[in-house]
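Please read the following note with the sequence and the coordinates open beside it. The points are brief and can be checked one by one.

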Amino acid sequence: MTLVRSDATPVIESRSGVPDLETLYRTHALTVARWAAKLAGPLVDVDDLVHEIFLVVRRRLPEFRGDAQVTTWLYRITERVAQESRRKDRFRRWFSRARHLEIEGTMAPSHLTPVDEFERRQSTETVYRILDRLPGKYRSVLILFELEELSGEEIATLTGLKLATVWVHLHRARARFIAEMKRDSGRNT
Amino acid sequence: MKEPMARSKQTDADERTPIRDRWSARPSGDSDEALAGALLRSAAVVPPFPAKNLAEVAARLRSRERHLPRTWAWQVAVAVGLLLFGGALYAAVLHILRGPSVVSPSPALPVSMPASGPVRRRHVGVAPALAPANSPVPEPPPVAGGGESGGKLESVPGKALLEPPPAPLANPSALAQESRLLAGAIHKLRQERNPGQALAMLDQHRARFGAKGALEPEAKVTRIEALLRLGRHDQALGLLDAQVLTAAEVGREMLVARAELRAEKGRCGAALNDFNLLLAAETPPDLVTERALYGRATCRAQQSDWTGARSDLEHYLARFPKGRFVDQARTAVGR
């Protein structure tokens, strides 16, 4: 079975033999990069994330016996690495001000964050701030459905969940998203 | 009893209903779903991964850079940490549930302790351990060098680290230890104004975590700031020279600092590269732009590019009429 998206990237493909890393990278790196960017959010360096993911792929490739489809296997690795990256990012965000130089005396001080850049990214950051308050299983399904625009059936194949479970997670994720969005904007107070 | 069960079954059935419409595809509106859709649309746009980056990551993979297989020792350490934490949590929960009456007296307690009197529950140290992982206001991590500095972090307005740190992890991971060390260094630098001690803590950070630390970029910036505060410009410039900087977000501040240091050392060619990078894009009217514009004028003048220098100074006066270099700029252009 091969489901092909509009960008001609194979989403689900049949598996014949265990591919090597080079082939996996060439065939799936773009898809993995897109998943990684959407799962991890705007504050994460996608290059580093893709690198980390394929390091894990290389390490685990000998264990891959083809019980799952390659895309499912890759997605699970991507999800785990992105999750770990977000965990690190929570710390990094706390330290984000450390990335600004606060130099007095020797240099002209500069404490300002460019307003334009902030506004440009504000919406995306709001989405991920809300998404980060959702349980992981709901977060992923909502991202795959709304941002990655996969169908329920595709999500089920990719995540290994039953289709009915996908719908349950999606219904609950939507309800939580709305509740958190209201909380975030203070509309419900 | 049957009615709630029936309602529950109905809810389950509703939740299994396939969803075909995406919020992100809905037109704008005032409904919650439309607002959510508008937000999600903004996040859905992810630029395609550039072919250049794809090739770079492939090259990194081939070079086996940062290929750090997990060792059994690391896994054992995590397991031990989890066991210890689990034990502590279990003991804490038991302590709360049973209360002081069931706590067996410690043999070390003095025998002359009064048998009666008010019995106080001891909650010290228990609450943080029981706080949920995503507690909204977690405690800041203790800063190396004393508990008092940990309290000051939140009390100094307008300074770094005003926000509480992320919730404490279940086990003190390398990341948590690293963050504690770096928080201490930043506190020394920015709250206590002690760049020497900050540098010492950063040296500890480097010794323990090396270049592979998750917070290495933040540590590097803190080190540069400490070196500049100590007047060790050469070392600061050495670190900045080794950085690949862009004129985006926080990189702008590093870029302008590097340009000024390069200009200070008479390396105006290299400084101009940085100033040009900063001023090439549409720039916000902030201090970085102001410094870059004046700095470029200075460098151009040093390279005998009088036309360029004059143009920058005129531009500076128009854009920053109350800027800090206004007097010098006016004098230079003869106003």
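1. Residues are numbered from 1 along each chain as its sequence is written, chains are lettered from A and ligands numbered from 1 in the order in which they are written, and side-chain values use heavy atoms, with hydrogens and water left out.

2. Where pLDDT is low, the predicted coordinates should not be read in detail.

3. Chain A contains seven helices and two strands, these being DSSP runs numbered from the N terminus (helices H or I, at least four residues; strands E, at least two). Their order from the N terminus is β-β-α-α-α-α-α-α-α. Of the 189 residues in chain A, 52% are buried (under 20% relative accessible area, with exposed meaning over 50% and partly exposed in between, for a 1.4 Å probe and protein chains only).

4. Chain B, by comparison, has 15 helices and zero strands, and buried residues make up 39% of its 335 residues.

5. Helix 1 (residues 21–40) and helix 2 (residues 46–60) of chain A pack at about 130°, with their axes 9 Å apart; axes are lines fitted to C-alpha atoms, for helices over the stretch in contact, and angles run from 0 to 180 degrees between N-to-C directions. That angle makes helix 1 of chain A oblique to helix 2 of chain A, given that under 35 degrees counts as roughly parallel, over 145 as roughly antiparallel, 65 to 115 as roughly perpendicular and the rest as oblique.

6. Among the residues that meet between these two helices are A:Leu24, A:Val32 and A:Ala36 in helix 1 and A:Leu49, A:Ile53 and A:Phe54 in helix 2 of chain A.

7. Where does B:Arg20 lie? B:Arg20 is in the loop between helix 1 (2–15) and helix 2 (32–44) of chain B, and it counts as exposed because its relative accessibility is 54%. Leaving aside residues up to four places away in sequence, B:Arg20 touches A:Glu153 and A:Trp167.

Technical notes
Predicted model: local features only at pLDDT ≥ 70, side-chain atom pairs only at ≥ 80, totals over all residues. Contact = heavy atoms within 4.5 Å.
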